[in-house]
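Please look through the sequence and the model shown here before reading on.

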Amino acid sequence: MANLNELEQQVEELDPLTSSIFRFIDAFDNIKSQALTATGNDQDKLRDILNVFRGRLPDLITHKRLRADSKDLADTMMQTALATRISRINARNAALDELTEALQTQIDKANQDASLLEQIKTAVDSATKTVAEAKAIVDKLTATDATTKDKLKTLIEGLGNISNIFSPQNT
Amino acid sequence: MRNPSRSRLIAILLIVPLWCSACEVPDISEFTKQSAEMTRGIRTGVKDTGTLLNNAAERDDLYSAATRTDLRKSSKAFQESVKPTLAALDALDAYLESLNALAQANKKSGQNAAAVVNSVTGLVTTVAGLTFASTVVNVATGLITLAEQFRTTRDFRKRVTLAAEIVEGVHPVRDEKGKLVKDETGQVVYQRKCTGEAADQITVASATVKALMDPVMSGLTDEQRKALASLSPQKRREQLRDWNKLTADQFGTVTNAERTITSFGCGVIDFIEFNIADLKAINLIVSQSMLSNLRDKNRTVLGFYDSIVATDRKIQNELETILNYRMLASLIREAEATNGSLNAIRDSKIKLKEHLDNLFILDSQLRLDIRKTLEDCGPSCGEMKRYVDFVLCPTCETEILAIIDAISKGQFDTSNGKIEPLLETRLSVLSDENAKYQEELKRITPAHTAVIAELKSVSDKREQIDALMNSSLSALDAWRTSHSNLRVAINSKKQLTVSSLTSKVKEIWGIINPEKQ
C-alpha cells in the first residue's frame, strides 16, 4: 500500500486529458485503503488528496461510477472528521465547565463586594438625611418631651449602625 | 462626655495604617471594553460556523438525503458542544465587569468617605453639642477613604490573583518547602505549563473520563445526582466508587486521566483556544466539502467553458502565427528587393521556418498540404521541401543555413507563392471557427459567471471565518497578556496597557465588517 506522500504524488500526476481510467482506478483504490486506517492529521491530508483526485477526474460518462464513489467517500470522510472535532470539544467541556464555575465564584465574590459598596453609598445618603431630621428634632428640644427623646435615641442608634458599615470587622 | 462615634473614628485611625500598604487599583475600563468586543467577535465566529453547518445541511444539490440527515444531527451536536464555550466567554465578560465595578468604587471611595464624615460630624455636633476640630474631621475623612480603598484594593488584588490561575492558566512557583518563589522585585513568580501537547493530551484524557463517566452518571437516580451535585469531582468519583457505580479499575483510570488534565493547569483562555482551533478545523472541513461538491455539480459548465477558452486560445495562436508568417515572408521579399543585409535575410528565413514548424505542431493537416504542394512543385521549388522538413536544433545553424543558401530567390518566391494561398484558406477557416467559439463563449458566460460567483462566495466565507478564528486566537493570547499585566499593575502601581488586545480586537472587527475598515 502506498504511503500518503506517494499517494499524493500519484494523484498529482493524474491528468484529466491524458491519464487512462486505469490510472484513476489505481489511485482511488489506494485512497480507499488509506481511508480505512488513517487517523488524526493523516485523515486531513487524505481528504485533501481525495479533493485533488476529484478535481482531476475527467467529465466523461465512463468515469461516472468513479466520480460517484469518490464523492461518497469524500462525504463520509467529511462527516467523520466533523464528528471527531465535535467530540473533541465535547470531551473537554467538563473541564471547561469546572473552570467557568470557579471563575463564576470569583465573579460572585467581586459582585458581592461591589454590592457592599453600593450599601455604603446608601448609608452615606441615609446619614445625610438623618442629620437634617436630627436638626429638626433638636430644635424642638426646649420642652422635655418623651416622644422626642425616643426619636433622638433612635437616631443615635441609627448613627451607630451607619458607622458599623465602615468598621473593619464587617469587611 | 465621651462620644461613641468619635471613639470609633479613633479606633479606625489606629487600625488602618496596619492594613493599608498600597491602595492602588488600576483603571480597567479599557480592558473591560476591549474584552467585551473580543468575546462579541468570537461569538460571531462560533455563530458563523454553526450557520455554515446549517447551510450545508440544507443543500440538496450538494449532498444526498442521508448525508443531509447526518449533517443536521452534527449541526445540533455542534450547537450543544459550543454552549460551554459561550458560557466561558460570558464569564470572562462578567469577571471583568465585576472587577471594573470594584475599580470604579475604589475611585469614588474618597467622595463617599467625605460625605459620611460630614454627615456624622454634623449630627454629633447638633445632638451632643460636641464640635470636632477641622483637622480631626480631615483625618477621619482620609482614614475612612483609606479603609474603603484598602478593602476594594485588597478584594481587587485577591480576585485578580485567584482568577489568574483560573483564566490565564498560570500558577505560582513554590520551592521544595512549599514556599512561594519571588523575583528580585518581590513579586510572586508564576509559570505556565499549558503548552505544546497539552491540547491533545487533555482531549484524550477528557475523552477517557467522559467515556467512563457518562454511562455511570446517566444510570443514577435523581437523589444520587442531587447528592453528587455539591461534591468536587474527586469526591464525586469516590462517592461513585463507594456506591459500586465505578469499579476500582475504572476509578483508577478516571483518577489518572483527571491527573493528566490538571497537571497542565490550563485556564479558561486555553480551553477557549482549544475549542476555537477545532471550530477552525470544522469550518475548513465543511467549506472544502461544499466547494468540491459545488465544482463537481457544475463540472460540465466549468469544463465546457475551460475547453472553449483553451481551444479558442489555440485557434487564436494559429491565426497569429499565420499572420506573422505572411508578414515575415513579405519583409524578406522587401529586403531582397532593396538589397538588404544578406545575413539579416538568412536569419529571417530561419525565423520563417520556426513559424512554419509551430504551425505544423498546431495543425498537422496544414503540414501535409504544404509538403504535398512542394513535392508537386518539383525543381521550381528547389530545396524548399528539405527546408520545411529539416528539424531545427540548438547546434544545427550551419546545416539550416546551407539549405537556405541552396534555395534561389526564384525558388523561394515560387514556394511561398504556393504556400501562402494554403495559409490564406486556413486563415479564413480559423477566423470562422474563432467567431463561433467567441459566440459560444458569450452564450455560456452568464452560467459560468454564476457558478464562479457561488464558488467565490463559499470560498470567501471560508477565508473570512478562518481569518476570524486566527485573529480570535491571537486576541485570546493578548487577553492573557493583558490580565498578566493587570496582576503586575496591582502589585507594582504600574499603569495597565491593553494596546495589543485593542489592536487584535480591531483586526477581528475588520474581518467581520470589512466594509467599515
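Predicted model: local features only at pLDDT ≥ 70, side-chain atom pairs only at ≥ 80, totals over all residues.

Residues are numbered from 1 along each chain as its sequence is written, and chains are lettered from A and ligands numbered from 1 in the order in which they are written.

**The chains overall**

- Chain A has five helices and zero strands, where helices (H or I, at least four residues) and strands (E, at least two) are DSSP runs numbered from the N terminus.
- Along its sequence, chain A reads as α-α-α-α-α.
- In chain A, 32% of the 171 residues count as buried, a word used when 20 or more other C-beta atoms lie within 10 Å of a residue's own, whereas 12 or fewer make a residue exposed and anything in between partly exposed, with C-beta atoms placed from the backbone.
- Among the contacts in chain A with a separation of 6 or more, 60% are between residues 24 or more positions apart; two residues are in contact if their C-beta atoms, placed from the backbone, lie within 7 Å.
- Chain B has 17 helices and two strands, and 33% of its 517 residues count as buried.
- For chain B, residues 24 or more positions apart account for 78% of the contacts with a separation of 6 or more.
- Chain B is divided into domain 1 (195–264) and domain 2 (299–454), with bounds that come from an automatic or database domain assignment.
- The centres of domain 1 and domain 2 of chain B, taken over C-alpha atoms, are separated by 80 Å.

**Helices H2 and H3 of chain B**

- The axes of helix H2 (residues 29–58) and helix H3 (residues 65–81) of chain B come within 8 Å and cross at roughly 165°; axes are lines fitted to C-alpha atoms, for helices over the stretch in contact, and angles run from 0 to 180 degrees between N-to-C directions.
- This angle makes H2(B) roughly antiparallel to H3(B), since angles over 145 degrees count as roughly antiparallel, those under 35 as roughly parallel, 65 to 115 as roughly perpendicular and the rest as oblique.
- H2(B) and H3(B) have a left-handed crossing, a term for a near helix turned anticlockwise from the far one by less than a right angle, while clockwise is right-handed.
- Residues that make the contact include B:Gly50, B:Leu53 and B:Asn54 of H2(B), together with B:Arg68, B:Leu71 and B:Phe78 of H3(B).
- By class, the contact of H2(B) with H3(B) has five nonpolar, five polar and two charged residues, where Ala, Val, Leu, Ile, Met, Phe, Trp, Tyr, Cys and Pro count as nonpolar, Asp, Glu, Lys and Arg as charged, and the others, Gly among them, as polar.

- On the H8(B) side the contact is made by B:Pro233, B:Arg237 and B:Arg241, and on the H9(B) side by B:Phe251, B:Val254, B:Thr255 and B:Glu258.
- This contact of H8(B) with H9(B) has three nonpolar, one polar and three charged residues.
- B:Asn244 is found in the loop between H8 and H9 of chain B, and its phi is near 60°, a positive value in a residue other than glycine.
- Most residues other than glycine have a negative phi.
- B:Asn244 is exposed, because 7 other C-beta atoms are within 10 Å.

- The axes of H11(B) and H12(B) come within 9 Å and cross at roughly 160°, so the two helices are roughly antiparallel to each other.
- The crossing of H11(B) and H12(B) is left-handed, and the residues of their contact divide into 13 nonpolar, six polar and five charged.
- B:Asn339 is found in the loop between helix H11 (299–337) and helix H12 (342–362) of chain B, with a positive phi near 55°.
- B:Asn339 is exposed, with 8 other C-beta atoms within 10 Å.
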